[in-house]
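Me: I have just opened this one and have not looked at it before. Can you walk me through it?

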Amino acid sequence: PSAFDSFRRNTELKYSLKIPETVSISIIKKDGSGEVLVKTLAEGLGETKGTHSITWLGDTNQHLFAPAGVYFGVVQINDQRFEAVVQVFHY
C-alpha cells in the first residue's frame, strides 16, 4: 500500500493465495523493544484461492487515529508471515 493520510482516507492491504487458507491480518509498529500490535484487522479468516484485500482506516485497537509513522501490514498464514510497509502521515 502507498502512504496515506488517515485523517482523509484509508488504505488497502492486498494479498493473493494459491490455495484456500485461514489468515490473520494485523498492523504492527516496530520500535527498539520489538513489535507493538496496533490493530487487529482479521483473525482466523477463511479465504478462498485468489486475490483478496482488507481495509485499514488508520486506527488502533483503542479506536484512535494511529500517529504518523511507518507501520507494517502483516498477513499470517499458519507459520508463515508476510509483511508490507504502510506509511501514515497527517497534513
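Me: In β7, which residue is the bridge partner of Q76?
Reply: R81 is the bridge partner of Q76 in β7. Before going on, this is a predicted model, where local features need pLDDT of at least 70, side-chain atom pairs count only at pLDDT 80 or more, and totals for chains, interfaces and linings use all residues. Residues are numbered from 1 along each chain as its sequence is written, and side-chain values use heavy atoms, with hydrogens and water left out.

Me: How many bridges join β6 to β7?
Reply: Nine, and strands β6 and β7 (residues 80–89) run antiparallel. Two strands count as paired if DSSP finds at least two bridges between them. V75 has F82 as its bridge partner in β7, and V70 stands opposite Q87 in β7.

Me: What about the turn of that hairpin, which residue takes a positive phi?
Reply: N78, with a phi near 55 degrees; the hairpin of β6 and β7 has two residues between the strands.

Me: Is β6 mostly covered or mostly open?
Reply: Mostly covered: seven of the nine residues of β6 (residues 69–77) are buried. Buried means under 20% relative accessible area, exposed means over 50%, and partly exposed is in between, using a 1.4 Å probe and protein chains only.

Me: Take F72, which strand is that in?
Reply: F72 is in strand β6. F72 is buried, with a relative accessible area of 17%.

Me: What does F72 touch?
Reply: Leaving out residues up to four places away in sequence, F72 touches S26, I27, I28, K30, E83, A84 and V85. Contact here means heavy atoms within 4.5 Å.

Me: And how many Å apart are F72 and S33?
Reply: They are 16 Å apart in space, C-alpha to C-alpha, and 39 residues apart in sequence.

Me: Which strand is joined to β6 by six bridges?
Reply: Strand β3 (residues 21–31), and β3 and β6 run antiparallel. S26 stands opposite V74 in β6.

Me: What order do the strands take in the sheet?
Reply: The open sheet of five strands has the order β1-β7-β6-β3-β4, with mixed pairing. Its edge strands are β1 (4–5) and β4 (34–47), each pairing on one side only.

Me: Do β1 and β7 run parallel or antiparallel?
Reply: Parallel, with two bridges joining β1 to β7. The bridge partner of F4 in β7 is V88.

Me: Stepping back, how many helices and strands does the protein have?
Reply: Zero helices and seven strands. Helices (H or I, at least four residues) and strands (E, at least two) are DSSP runs, numbered from the N terminus.

Me: Why call it as compact as a globular protein of that length?
Reply: Its radius of gyration is 13 Å, close to the 12 Å that the globule rule gives for 91 residues, so the protein is as compact as a globular protein of that length. The radius is taken over C-alpha atoms, and the rule is 2.2 Å times the number of residues to the power 0.38.

Me: What box do the C-alpha atoms fill?
Reply: Roughly 40 × 30 × 20 Å, taken along the principal axes.

Me: What share of the residues count as buried?
Reply: Of the 91 residues of the protein, 36%.

Me: And of the contacts between residues at least 6 apart in sequence, what share join residues at least 24 apart?
Reply: That share is 55%.
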